[in-house]
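Student: Hi! Could you walk me through this structure? I'm new to it.
Tutor: Happy to, let's look at it together.

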Amino acid sequence: MFENLNWWEIGALLLLALLIFGDRLPVVISDGLRMVRNLRNMARNATTDLSRELGTDIQLEDLHPKAFIRKHLLTEEDEQAIRKPLQGVYDNLRADVTGVHNELKDVASAADLRSGGARPATATGSAPAPAPRASYDDAT
């Protein structure tokens with residue numbers, strides 16, 4: 001919960017809380033803890049009621065709509081049928097991104113001034129122009 005805060009920041013927050021709440025700080029902390037406990041109990045009761053009504057075991061993580069549909073409404077075949085059309089698009093996109101990445105690495109290594117002291121080629125130089133890539137409009 002506090003992985004982004006260092007000890008100085010936590011100490012400053014505690015000092016600020018002490019200055020704001022003063023003598024009431026223990027009461028405020030206990031009220032906050034009681035509220036968190038009540039929220040956890042409400043969530044636990046809601047999942048228990050939902051599990052009883054649906055007749056299946058539901059965990060708190062299953063209440064996310066995507067996880068609920070995937071776990072309780074879709075069969076394995078349905079999930080594969082949904083993923084199959086998108087898999088080809090994903091593979092094509094991944095291949096294009098890999099190609100662009102490789103081209104950028106080639107351009108970066110050619111333009112690296114530290115590797116030979118040579119200046120990078122300009123637009124009027126002898127370097128050939130890259131071939132035009134097919135766009136989405138050409139494919140459709």
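Student: How does the span of α2 fit with 1.5 Å a residue?
Tutor: The 30 residues of α2 should span 44 Å at 1.5 Å a residue, and its end C-alpha atoms are 44 Å apart, so the two agree. The expected span is 1.5 Å times one less than the number of residues. Helices here are DSSP runs of H or I with at least four residues, strands are E runs of at least two, and both are numbered from the N terminus. Keep in mind that this is a predicted model, where local features need pLDDT of at least 70, side-chain atom pairs count only at pLDDT 80 or more, and totals for chains, interfaces and linings use all residues. Residues are numbered from 1 along each chain as its sequence is written, and side-chain values use heavy atoms, leaving out hydrogens and water.

Student: Which residues of α2 are buried?
Tutor: Leu25, Thr47 and Ser51. Buried means under 20% relative accessible area, with exposed over 50% and partly exposed in between, using a 1.4 Å probe and protein chains only. What covers these buried residues includes α1.

Student: And what comes just after α2?
Tutor: Gly55, which takes a positive phi of about 75°.

Student: Switching topic: what lines the largest pocket?
Tutor: Leu14, Ala17, Phe21, Leu25, Val28, Ile29, Gly32 and Leu33 do. A pocket is an open set of points on a 1 Å grid over the protein atoms alone, where a 1.4 Å probe fits, with protein on both sides within 12 Å along at least five of seven lines; lining residues have an atom within 4 Å of a point.

Student: Which helix gives the largest share of that lining?
Tutor: α2, with five residues. By class, the lining has seven nonpolar, one polar and no charged residues. Ala, Val, Leu, Ile, Met, Phe, Trp, Tyr, Cys and Pro count as nonpolar, Asp, Glu, Lys and Arg as charged, and the others, Gly among them, as polar.

Student: Where is Ala17, and what does it touch?
Tutor: Ala17 is found in helix α1. Leaving aside neighbours within four places in sequence, Ala17 is in contact (heavy atoms within 4.5 Å) with Gly22 and Leu25. Between Ala17 and Val28 the C-alpha distance is 9.9 Å, and they sit 11 residues apart in sequence.

Student: How many helices and strands are there in the chain?
Tutor: Five helices and zero strands.

Student: How much of the chain is buried?
Tutor: Of its 140 residues, 5% count as buried.
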